[in-house]
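Open the model in your viewer and keep the sequence beside it. This tour moves from stop to stop, saying what to select and what is there.

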Amino acid sequence: MRSGALLGVAQHVEYFTQEYLEAVAAAAVQMFRGPTVRHVEDLICHSRGRPTERLVEEMQMTTRHTIHFMMVLPNIPEAVVVLITRRDTSLGMGWAATRRSVLDIEPILLGPAD
């Protein structure tokens, strides 16, 4: 999430161009780690008397035709998974698929264990 670079993509929509995918990645970075979100996290931590930390871990965004499920990878806080699906998708199933995908994605990004 520092660079906004795409680490991988799996998609089946013809209009999801490289430009579109990069814009979604940049937007996800802003939603999780942008200056306004960081300020709110800092305020929350300060009000709780705790050291500053990144608190936002999951997010859902709904547009007119889609639902976006976004989740920071628990063991790779610099990476986020984004699942974009149709609006008629069950919210519970969308979250289940997003959380389940982390089990497959994290080992790939972490590489082989030494």
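Stop 1: Select strand β2, residues 66-73, and then β3. Eight bridges join the two, and they run antiparallel. Strands here are DSSP runs of E with at least two residues, helices are runs of H or I with at least four, and both are numbered from the N terminus. Two strands count as paired if DSSP finds at least two bridges between them.

Before going on, note what you are looking at. This is a predicted model, where local features need pLDDT of at least 70 and side-chain atom pairs count only at pLDDT 80 or more, while totals for chains, interfaces and linings use all residues. Residues are numbered from 1 along each chain as its sequence is written, and side-chain values use heavy atoms, leaving out hydrogens and water.

Now pick single residues. Select M71 and find its bridge partner V81 in β3. Then select I67, which stands opposite T85 in β3. β2 and β3 form a hairpin, with two residues between them.

Stop 2: Select E58: its bridge partner in β2 is M71. β1 and β2 also form a hairpin, here with three residues between them.

**Stop 3: the whole sheet.** Show the strands together. They make an open sheet of three strands in the order β1-β2-β3, with antiparallel pairing. β1 (58-62) and β3 (76-86) stand at the edges with a single partner strand each, so one side of each has no neighbour in the sheet. From one strand to the next, the twist averages 15 degrees. Is β2 enclosed or open to the outside? Eight of its eight residues are buried, so β2 is largely enclosed by the rest of the structure. Buried means under 20% relative accessible area, exposed means over 50%, and partly exposed lies in between (1.4 Å probe, protein chains only).

**Stop 4: the helix across the sheet.** Select helix α3, residues 91-110. α3 lies across β1, β2 and β3, and runs at about 40 degrees to β2. Axes are lines fitted to C-alpha atoms, for helices over the stretch in contact (heavy atoms within 4.5 Å). Angles run from 0 to 180 degrees between N-to-C directions.

**Stop 5: salt bridges.** Side chains of opposite charge can pair when their charged atoms come close. The structure holds four salt bridges (a side-chain nitrogen of Lys or Arg within 4 Å of a carboxyl oxygen of Asp or Glu). Select R54 and E41. Their closest N and O atoms are 2.6 Å apart. R54 sits in the loop between α2 (35-47) and β1, while E41 is in helix α2, 13 residues apart. E41 is buried, with a relative accessible area of 1%. R54, at 22% relative accessibility, counts as partly exposed.

D42 is partly exposed, with a relative accessible area of 30%. Shared partners join E41, D42 and R54 into one network.

Next, select R86 and D88. Their salt bridge brings the closest N and O atoms to 3.0 Å. Both residues are exposed.

**Stop 6: the start of the chain.** At 63% relative accessibility, L7 counts as exposed.
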